[in-house]
Amino acid sequence: MEKEVLQNLLTEFLVGVSVNDYDIHDRFWAEDLIYTGSGGDRITKQDILNGLGEPADDEELAEYYSEEVDIKLYGDDAAVVAFKLVANIPLENGRFETLNFYNTGTFVKRNNEWRAVAWQATQIPE
């Protein structure tokens, strides 16, 4: 049951990220998040929220989805979600560049909601 809840949360999150949805970021990340990006930068939830802006009407946004999802539960209130993130990044010529990352998120259940408290992203070399 909880694995399904986490899988659905991840799917909903990636759909929201694909349209730059502020509310889905706010819901997904814990206030005390530690996020280490693939470039080695360590950021907070507030850094992520501050970086979101309204896309221009004609701006094409990246599309994100998950593959190879592995969810491990630790008791009733902790979980690790590891997966391959596929990012289709629009290019100016109308084509897309596809990037792949291994992402690992640590989730804690607080007030009956799962929230990501730690995140690690690693780009997979081509």
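Where is N111 found? N111 sits in the loop between β5 and β6.

## About the model

This is a predicted model, in which local features need pLDDT of at least 70, side-chain atom pairs count only at pLDDT 80 or more, and totals for chains, interfaces and linings use all residues. Residues are numbered from 1 along each chain as its sequence is written, and side-chain values use heavy atoms, with hydrogens and water left out.

Helices (H or I, at least four residues) and strands (E, at least two) are DSSP runs, numbered from the N terminus.

## The sheet

Six strands make an open sheet. Their order is β2-β1-β6-β5-β4-β3, and the pairing is mixed. Two strands pair if DSSP finds at least two bridges between them. The edge strands, β2 (42–43) and β3, each pair on one side only.

β5 and β6 run antiparallel and are joined by 10 bridges. Here N103 stands opposite A121 of β6. β1 and β6 run parallel, with four bridges between them. T36 has Q120 in β6 as its bridge partner.

## The β5–β6 turn

β5 and β6 form a hairpin with two residues between them. N111 has a positive phi of about 50 degrees, although it is not a glycine. N112 is also found in the loop between β5 and β6. Its phi is near 65 degrees, again positive in a residue other than glycine. Most residues other than glycine have a negative phi.

N111 counts as exposed because its relative accessibility is 79%. N112 counts as exposed because its value is 66%.

## Helix α1 and its cover

α1 has 17 residues. At 1.5 Å a residue they should span 24 Å, and the end C-alpha atoms are 24 Å apart, so the two agree. The expected span is 1.5 Å times one less than the number of residues.

The buried residues of α1 are L6, L9, L10, F13, L14, G16, V17 and S18. What covers them includes α2 (22–28), β1, β3 (63–73), β4, β5 and β6. Just after α1, N20 takes a positive phi of about 60 degrees.

## I24 in helix α2

I24 lies in helix α2. I24 is buried because its relative accessible area is 6%. Contact means heavy atoms within 4.5 Å. Not counting residues up to four places away in sequence, I24 touches E12, F13, G16 and V17. I24 and E12 are 12 residues apart in sequence and 7.9 Å apart in space, C-alpha to C-alpha.

## The largest pocket

The largest pocket has a volume of about 560 Å³. Of the 24 residues that line it, V17, H25, Y35, Y64 and L85 are the closest to its centre. The elements that give two or more residues to the lining are α1 (2–18), β1 (29–36), β4 (78–90), β5 (96–110) and β6 (113–123). By class, the lining has 19 nonpolar, five polar and no charged residues.

A pocket is an open set of points on a 1 Å grid over the protein atoms alone, where a 1.4 Å probe fits, with protein on both sides within 12 Å along at least five of seven lines; lining residues have an atom within 4 Å of a point. Grid points are joined across faces, edges and corners, and the volume is the space filled by probe spheres set on the points. Ala, Val, Leu, Ile, Met, Phe, Trp, Tyr, Cys and Pro count as nonpolar, Asp, Glu, Lys and Arg as charged, and the others, Gly among them, as polar.

Terms used: Buried means under 20% relative accessible area, exposed over 50%, partly exposed in between (1.4 Å probe, protein chains only).
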